[in-house]
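Hi,

Here is the structure I promised to pass on.

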Amino acid sequence: MRILIQNYASPISSEPLCLNQTFSTAEGIESHLWSPNAMSVFDVFDKFKPDIFICHHLGISNEIISYITENNKVKLVVNITNIDEQNLSMLEKILTDNKITCSLMFSNNYDFIDQCKPKAFKYEKILPCADIYFAPSDVPDYKLQAGMIASSQSEELT
């Protein structure tokens with residue numbers, strides 16, 4: 001099985017990096033992490049020939065839809081964390097209208113965070129966790145009176 005993963009890593013999530021590393025260690029799976037700025041959609045899909053493509057809903061482009069529509073053997077897996085109802089409905093319509101096989105839509109949101117769920121596709125939660133592949137680093141001996149945990153990046157936190 002060949003899995004192509006769009007690199008949608010951010011300052012608060014290394015999910016695609018972790019997924020790629022995990023799949024790369026599994027027997028029978030070939031995984032490739034793709035940075036959209038480094039290679040075009042058509043080039044990376046033609047070169048790697050994935051069975052599964054994992055991406056974030058914000059990274060789905062017309063080129064990706066076009067390629068997967070023409071090459072309907074590629075199954076789609078989409079991270080829909082924080083998508084709103086209107087955009088989820090539009091995404092489901094695009095996938096359904098183009099007869100794209102979407103094997104899974106998933107979210108990283110905890111239960112206390114509102115998350116719209118797809119009507120036409122399987123949905124699961126994949127909660128955030130520590131990335132075990134990061135190299136160990138020295139951690140300062142913090143002496144803080146309070147801490148803040150965020151589920152999304154915000155200017156207020158910087």
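Below is what turned up, going from the whole protein down to single residues.

Two bits of housekeeping. This is a predicted model, with local features needing pLDDT of at least 70 and side-chain atom pairs counting only at pLDDT 80 or more, while totals for chains, interfaces and linings use all residues. Residues are numbered from 1 along each chain as its sequence is written, and side-chain values use heavy atoms, with hydrogens and water left out.

**The overall picture**

The protein has 4 helices and 6 strands, where helices (H or I, at least four residues) and strands (E, at least two) are DSSP runs numbered from the N terminus. Read from the N terminus, the order is β-α-β-α-β-α-β-α-β-β. Along the principal axes, the C-alpha atoms fill a box of roughly 55 × 35 × 25 Å.

Of the 158 residues, 35% are buried. For that label, buried is under 20% relative accessible area, exposed is over 50%, and partly exposed is in between (1.4 Å probe, protein chains only). The accessible surface comes to about 10,600 Å², and carbon and sulfur atoms own 54% of that; the areas are Shrake-Rupley values with a 1.4 Å probe, and for residues only the protein chains shown count as cover.

As for contacts (heavy atoms within 4.5 Å), take those between residues at least 6 apart in sequence: 58% of them join residues at least 24 apart.

On charges, there are 12 positive and 20 negative side chains, and the centres of the two sets lie 8 Å apart. Lys and Arg count as positive and Asp and Glu as negative, without His and the chain ends; each charge is placed at NZ of Lys, CZ of Arg, CG of Asp or CD of Glu.

**The aromatic side chains**

The structure holds 6 aromatic pairs. The criterion is that rings of Phe, Tyr and Trp (its six-membered ring) have centres within 6.5 Å, with planes under 30 degrees apart called stacked, over 60 edge-to-face and the rest tilted.

One of the pairs is Phe42 with Tyr67, edge-to-face, at 5.6 Å centre to centre and 70° between the planes. Phe42 belongs to helix α2 (residues 41-48) and Tyr67 to helix α3 (residues 62-70), so this pair ties together parts that are 25 residues apart in sequence. Phe42 is partly exposed, because its relative accessibility is 37%, whereas Tyr67 is buried at 7%.

Another pair is Tyr110 with Phe112, which is stacked: 5.7 Å between centres and 5° between planes. Tyr110 is partly exposed at 35% relative accessibility, and Phe112 is exposed at 71%.

There is also one aromatic cluster made up of Trp34, Phe42, Phe45, Phe53 and Tyr67.

What lies over the face of Phe48? That is Arg2, at 4.3 Å from the ring centre. The test for a charge over a ring asks for NZ of Lys or CZ of Arg within 6 Å of the ring centre and within 35 degrees of the ring normal.

In α1, Glu15, Pro16, Cys18 and Asn20 are buried. Their cover includes β1 (2-6), β2 (30-34), β4 and β5 (102-107).

Phe23 is in α1 too (residues 15-25), and counts as partly exposed at 22% relative accessibility. Leaving aside residues up to four places away in sequence, Phe23 touches Ile3, Ile5, Ile29, Ser31 and Ile54. Phe23 and Arg2 are 21 residues apart along the chain, with 9.5 Å between their C-alpha atoms.

**Two backbone angles to look at**

Which residues other than glycine have a positive phi? Lys49 is one of them, with phi near 50°. Lys49 lies in the loop between α2 and β3 (52-56) and is exposed at 55% relative accessibility.

Asn82 is another, with phi near 65°. Asn82 sits in the loop between β4 (75-79) and α4 (85-97), and is partly exposed at 43%.

Cheers
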